[in-house]
Amino acid sequence: MREIGAQQVIEGSNGKGNGDQFNGGGGVAGPPQGLVERLKDYGQEDAFALWDELSNEERGLLVKDIQNVDLSRIDRIIRCSLQSHGLPAAAIEPVPESSVSTVEDRKLEDRERWWKMGMKAISEGKLAVLLLSGGQGTRLGSSDPKGCFNIGLPSGKSLFQLQAEKILRVQRLAALSQNEGSSDVVPIHWYIMTSPFTDDATRKFFESHKYFGLESDQVTFFQQGTIPCVSKDGRFIMETPCRVAKAPDGNGGVYSALKYSRLLDDMTMRGVKYLDCYGVDNALVRVADPTFLGYFIDKGVATAAKVVRKAYPQEKVGVFVRRGKGGPLAVVEYSELDSSLASAINQETGRLRFCWSNVCLHMFTVDFLNQVANGLEKDSIYHLAEKKIPSIHGYTMGYKLEQFIFDAFPYAPSMTLFEVLREEEFAPVKNANGSNYDTPDSARLLCLRLHTRWVVAAGGFLTHSVPLYSTGVEVSPLCSYAGENLEAICRGRTFHAPCEISY
């Protein structure tokens with residue numbers, strides 16, 4: 001396991017040149033003058049407003065907290081974000097048909113060719129995987145990282161374990177595809193982005209489960225950054241008299257986190273050319289998908305995204321659009337899409353005009369990640385989420401600043417979309433059981449139903465004591481990645497649902 005220290009990623013210390021430093025023993029009556037002047041330069045001197053009321057220990061904590069904020073960078077982000085907030089965005093158009101590989105237009109020979117291309121690249125060590133895992137399972141009724149969650153499959157496996165075993169399976173398939181009978185497995189490196197709230201628990205979970213069969217040195221943990229929460233006029237909100245209120249910088253913070261932690265250099269050193277990126281809370285995610293990788297390489301684009309068709313007009317998912325006539329592909333959140341546009345029908349196809357849902361399944365070239373990290377940093381525009389922020393005055397309305405993973409797409413010189421079937425690759429785990437959608441129960445059933453179809457297609461039979469629509473079988477990722485190679489295990493055999501099928 002490689003660890004990247006949080007301080008390398010989070011904001012970066014900027015404590016040099018602050019003049020006289022506060023002495024915790026009481027040697028300096030006021031706050032460090034150099035630091036006060038820097039705060040004044042950026043209009044943030046109110047951070048020391050309660051200095052006289054603090055103990056020496058609290059004063060030391062406050063000074064350290066401020067010194068750990070890169071004031072010039074944060075000021076640029078605040079100014080650029082506030083200035084751009086509310087400005088009219090470019091008009092949107094539907095994604096051109098030429099930018100999408102649809103399931104219905106995909107030929108068998110293309111799928112086979114892409115699978116082989118992807119397997120070859122994986123066997124040559126050109127693919128790494130990036131997991132976005134900064135969120136806690138709060139809405140699931142748990143304070144643990146989401147990846148620790150067990151959705152109730154017969155095996156009792158966590159989301160982390162399911163994903164790790166898919167990596168193990170792809171590694172094995174890649175080795176076999178290039179050399180029949182070979183046992184030379186090239187490891188797929190797994191980069192896992194945590195947050196200050198999930199980092200320690202995630203590391204300990206992996207350690208206690210012996211990395212689910214992976215080598216510990218093929219897993220690298222790193223933290224996303226945090227950014228001060230601000231009032232509507234851009235001033236820091238103080239969570240306590242000695243600490244600025246901060247919040248994670250969104251899953252789009254992955255770009256700056258990769259840059260500041262030098263992990264893009266690490267990828268280059270390893271010979272990695274492509275990065276498969278996904279969110280932790282999808283129970284059906286095809287981690288390191290060889291077909292998607294092969295398609296991506298074949299098209300020669302900078303980035304690509306898997307998409308599913310929107311289920312109904314008001315479904316709460318972001319959709320891909322084109323910004324301006326002939327402009328870049330981008331994502332518009334469901335809350336930002338006018339209801340008339342959300343319901344608009346393409347008269348030629350009879351389908352929604354804005355139908356391609358973003359499900360956080362992306363592929364990037366490492367070269368593009370280097371470019372976009374610099375571009376996003378230069379523009380410094382973050383989304384402003386108006387929230388109740390805990391402060392010294394109780395909860396106060398203010399802004400959390402965040403970037404999203406899809407903010408990179410307008411920077412891409414080329415991009416394409418790859419349709420997948422919702423029932424095969426998208427089982428979100430976002431809400432507690434009892435909610436109307438995206439629950440552990442709904443994700444579990446999607447897994448069981450898909451795997452049941454695999455088993456029946458491979459010549460297996462099922463018995464069940466409850467209605468089949470509410471149960472099924474689970475196929476271990478160590479047996480099959482996407483339904484392949486199950487005949488030897490399943491043909492002519494009867495399985496009693498629910499159960500796990502493994503070697």
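About 160 Å³ of space lies in the largest cavity of this predicted model, a cavity being, on a 1 Å grid over the protein atoms alone, a set of points where a 1.4 Å probe fits but cannot get out. A volume here is the space filled by probe spheres set on the points, which are joined across faces, edges and corners. Sixteen residues, written as 16 in the count, line the largest cavity, with Lys166, Leu284, His451, Trp454 and Tyr481 closest to its centre; a lining residue has an atom within 4 Å of a point. Helix 6, helix 14 and strand 20 (473–475) each give two or more residues to this lining, and the largest share, 4 residues, comes from helix 14. By class, the lining of the largest cavity has 10 nonpolar, 2 polar and 4 charged residues, where Ala, Val, Leu, Ile, Met, Phe, Trp, Tyr, Cys and Pro count as nonpolar, Asp, Glu, Lys and Arg as charged, and the others, Gly among them, as polar.

Residues are numbered from 1 along each chain as its sequence is written. Because the model is predicted, local features need pLDDT of at least 70 and side-chain atom pairs count only at pLDDT 80 or more, while totals for chains, interfaces and linings use all residues, and side-chain values use heavy atoms, with hydrogens and water left out. Helices (H or I, at least four residues) and strands (E, at least two) are DSSP runs, numbered from the N terminus.

The second largest pocket has a volume of about 550 Å³, a pocket being an open set of points with protein on both sides within 12 Å along at least five of seven lines. Its lining has 20 residues, of which Arg111, Arg286, Thr291, Glu424 and Ala482 lie nearest the centre. The largest share of this lining, 5 residues, comes from helix 5, and the lining of the second largest pocket divides into 10 nonpolar, 1 polar and 9 charged residues.

Two packed helices are described by the angle between their axes and the distance between the axes. The axes are lines fitted to C-alpha atoms over the stretch in contact, and angles run from 0 to 180 degrees between N-to-C directions. Helix 5 (residues 108–123) packs against helix 10 (residues 290–299) at an angle of about 95°, with the axes 6 Å apart. The two helices are therefore roughly perpendicular to each other, as angles of 65 to 115 degrees count as such, under 35 as roughly parallel, over 145 as roughly antiparallel and the rest as oblique.

With helix 6 (residues 159–178), helix 5 packs at an angle of about 100°, the axes being 9 Å apart, which makes helix 5 roughly perpendicular to helix 6. Among the residues that meet there are Trp115 and Met119 in helix 5 and Val170 and Leu173 in helix 6.

Two backbone details remain. Most residues other than glycine have a negative phi, and most peptide bonds are trans. Phe212, in the loop between helix 7 (199–208) and strand 6 (219–223), has a positive phi of about 55° although it is not a glycine. The peptide bond from Ala497 to Pro498 is cis, with omega near 0°, and Pro498 has its place in the loop between strand 21 (494–497) and strand 22 (499–501).

Key: Contact = heavy atoms within 4.5 Å.
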